[in-house]
Amino acid sequence: MRKNNSIILLAIIAFFIALNISKHKVAAVVDTQAVSHTSLSNKINNVVPINASGTKYLFEYKQDRINQDNKKQAQLDTLEKRIKTLVGDNINNFGMVYYDINSKKSITINEDKQFLAASTIKVPINMLMYDMVKEKKIDINEKLKYDKVDFEDGAGVLQGTDLSKPIAIKTLSDLSIIYSDNIAINMLLRKVGIENRYNYIEKIVGHPITHDGNNITPMDSSKILERLYSNPNNNKYYKDIIKAMKNTEYHDRIDKYIPQKIVAHKIGDFAPYVNDTAIVCNDNPYVLVVFTKGINDADDLIAQVSKMIYDAKK
C-alpha cells in the first residue's frame with residue numbers, strides 16, 4: 001500500500017513539473033511572437049525598438065519629424081520673403097524655381113509664367129541627342145557637315161572658323177554648352193529634329209507645350225534639370241553634359257558668389273531676357289532656375305538670389 005502511495009505521489013509531482021515546463025514554452029513562444037511583431041512594426045514605421053535605454057516612443061518620433069518639417073518650411077518661407085524683397089518692383093518680370101532634390105521642398109515664384117528660354121534650351125537638346133545615341137538612333141562617332149542654315153551670330157567660337165570639314169557630334173555638344181555656341185547647337189538640332197525637341201520636352205514635363213518659338217516656364221526648366229541629375233534611364237552621356245555645364249566659360253550669375261566647382265549651369269541671353277539654370281551639386285544638391293525680363297543688372301540679381309539660397313542651406 002505504501003509502495004502504491006509513493007508511486008501515485010511521484011506521478012503527481014511529474015505531472016506538475018511537465019505542466020510548468022509547458023507553460024514556460026508557451027510563454028516563450030508568445031514572447032518570441034511579440035518581439036517579432038514589435039520588430040516588424042518598428043521596421044514599418046522606420047523606428048528602432050522601444051527599450052530601457054531611452055529610445056523615443058513612436059509618437060515622439062513622429063512628432064519630432066513633424067517639428068523638423070515645420071521648421072524647414074518656416075525657413076523656406078522666410079527665404080522666399082527675402083528673395084521677393086530683393087527683387088522688389090521687378091517681381092512680375094522674375095520667375096524662379098528652387099528645388100531641393102533630397103527633401104523635395106521648393107520655392108516657386110511665377111513658376112508657370114512663359115519666358116524666352118534663350119540658350120538655356122541647349123541643355124534639353126543635348127539630352128535628346130544623347131538619348132538618341134543611347135537608343136542607337138544616332139552614332140556618337142558620327143561627324144556632321146555644316147550647312148549655311150546653321151549659321152547664327154552671337155555666342156560661340158565657330159563663327160569665322162573653317163567649317164568645311166565635318167565636326168564630331170561630341171565636339172559640337174561640348175561647344176554648345178561650354179561656349180554656348182549657336183552654330184554647334186543648330187547643327188545638332190538639325191540632326192535630332194526641331195519637332196522632336198518639342199515632343200521630348202513634353203515627355204519630360206508631362207503636359208503639352210507650344211510647338212513654336214523658344215519659350216519655356218521656370219517649372220518646366222527645373223523638371224528638365226531634375227531629370228538630367230536623376231538620370232532615370234542611366235544614360236552614361238548625361239555626366240558629360242553636367243561636366244560641360246561645370247566647365248562653362250560664363251560665371252556671372254548663379255555661380256558668381258558661390259563655389260564654381262559645384263555648379264553645373266547654363267545661361268541664356270536674348271534681350272531683354274537674362275536667364276540662368278543650374279544644378280548645384282553639393283552634399284545637399286538642388287536645382288535653381290531663374291528667368292528675368294527687362295530687369296536692370298539682372299545677372300547680379302540672379303547671383304545674389306543664388307547666394308541667399310546657398311547660404312541658407314549651410
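Student: What does Pro-285 touch, leaving out residues up to four places away in sequence?
Tutor: With those left out, Pro-285 touches Asp-100, Ile-101, Asn-102, Tyr-229 and Val-280. Keep in mind that this is a predicted model.

Student: Is Pro-285 buried or exposed?
Tutor: Pro-285 has a relative accessible area of 4%, so it counts as buried. The residue is in the loop between strand 8 and strand 9 (286-293).

Student: And how far is Pro-285 from Lys-313 in space, C-alpha to C-alpha?
Tutor: The two C-alpha atoms are 9.9 Å apart, while in sequence Pro-285 and Lys-313 are 28 residues apart.

Student: Switching to backbone geometry. Which peptide bond is cis?
Tutor: The one from Ala-271 to Pro-272, where omega is near 5°. Pro-272 sits in the loop between strand 7 (263-270) and strand 8 (273-280).

Student: Which residues other than glycine have a positive phi?
Tutor: Lys-104 is one of them, with phi near 70°. Ala-118 is another, at about 50°. For background, most residues other than glycine have a negative phi, and most peptide bonds are trans.

Student: Where do Lys-104 and Ala-118 lie?
Tutor: Both are in loops. Lys-104 is between strand 1 (94-100) and strand 2 (106-109), and Ala-118 is between strand 3 (115-116) and helix 3.

Student: Buried or exposed, for each of those?
Tutor: Lys-104 is exposed, with a relative accessible area of 53%. Ala-118 is buried, with 9%.

Student: OK, now the core. How many residues are in the largest nonpolar core?
Tutor: That core has 53 residues. Those with the most contacts inside it are Met-127, Met-129, Leu-158, Leu-172, Leu-225, Leu-228 and Met-245. Helix 3 (residues 122-134) gives the most to this core, with eight residues. Apart from it lies another core of 27 residues, which includes Val-280, Ala-298, Ile-302 and Tyr-310.

Student: You listed Leu-172. What does Leu-172 touch, skipping residues up to four places away in sequence?
Tutor: Leu-172 is in contact with Leu-144, Leu-158, Ile-167, Ala-184, Met-187 and Leu-188.

Student: Back to helix 3. At what angle do the axes of helix 3 and helix 5 cross?
Tutor: Roughly 45°, and the axes come within 10 Å. Helix 3 and helix 5 are therefore oblique to each other. Their crossing is left-handed.

Student: Which residues of helix 3 and helix 5 meet there?
Tutor: From helix 3 you have Lys-122, Ile-125, Asn-126, Leu-128, Met-129 and Met-132, and from helix 5 there's Asn-182, Ile-185, Leu-188, Leu-189 and Val-192. By class, this contact between helix 3 and helix 5 has eight nonpolar, two polar and one charged residues.

Student: What about helix 3 with helix 8, what's the packing angle there?
Tutor: About 155°, with the axes of helix 3 and helix 8 (residues 238-246) 10 Å apart. That makes helix 3 roughly antiparallel to helix 8. The crossing of this pair is right-handed.

Student: And which residues of helix 3 and helix 8 meet?
Tutor: On the helix 3 side, Val-123, Asn-126, Met-127, Tyr-130 and Asp-131; on the helix 8 side, Tyr-238, Ile-241 and Met-245. That contact of helix 3 with helix 8 has six nonpolar, one polar and one charged residues.

Student: Which residues of helix 8 are buried?
Tutor: Tyr-238, Asp-240, Ile-241, Ile-242, Ala-244 and Met-245. The buried residues of helix 8 pack against helix 3, helix 4 (169-178), helix 6, helix 7 (218-230), strand 7 and strand 8.

Student: Last one, zooming out. How many helices and strands does the chain have?
Tutor: Nine helices and nine strands. Buried residues make up 41% of the 314 residues in the chain. Among contacts between residues at least 6 apart in sequence, 62% join residues at least 24 apart.

Note on methods: Residues numbered from 1 in each chain as written. Predicted model: local features only at pLDDT ≥ 70, side-chain atom pairs only at ≥ 80, totals over all residues. Heavy atoms only, no water. Core = buried A, V, L, I, M, F, W, Y, C linked by side-chain atoms within 4.5 Å. Buried < 20%, exposed > 50% of the residue type's maximum accessible area, 1.4 Å probe, protein only. Helix = DSSP H or I, 4+ residues; strand = E, 2+ residues; numbered from the N terminus. Contact = heavy atoms within 4.5 Å. Axes fitted to C-alpha atoms, helices over the stretch in contact; angles between N-to-C directions. Parallel < 35°, antiparallel > 145°, perpendicular 65-115°, else oblique. Left-handed = near helix turned anticlockwise from the far one by under 90°. Nonpolar A, V, L, I, M, F, W, Y, C, P; charged D, E, K, R; others polar.
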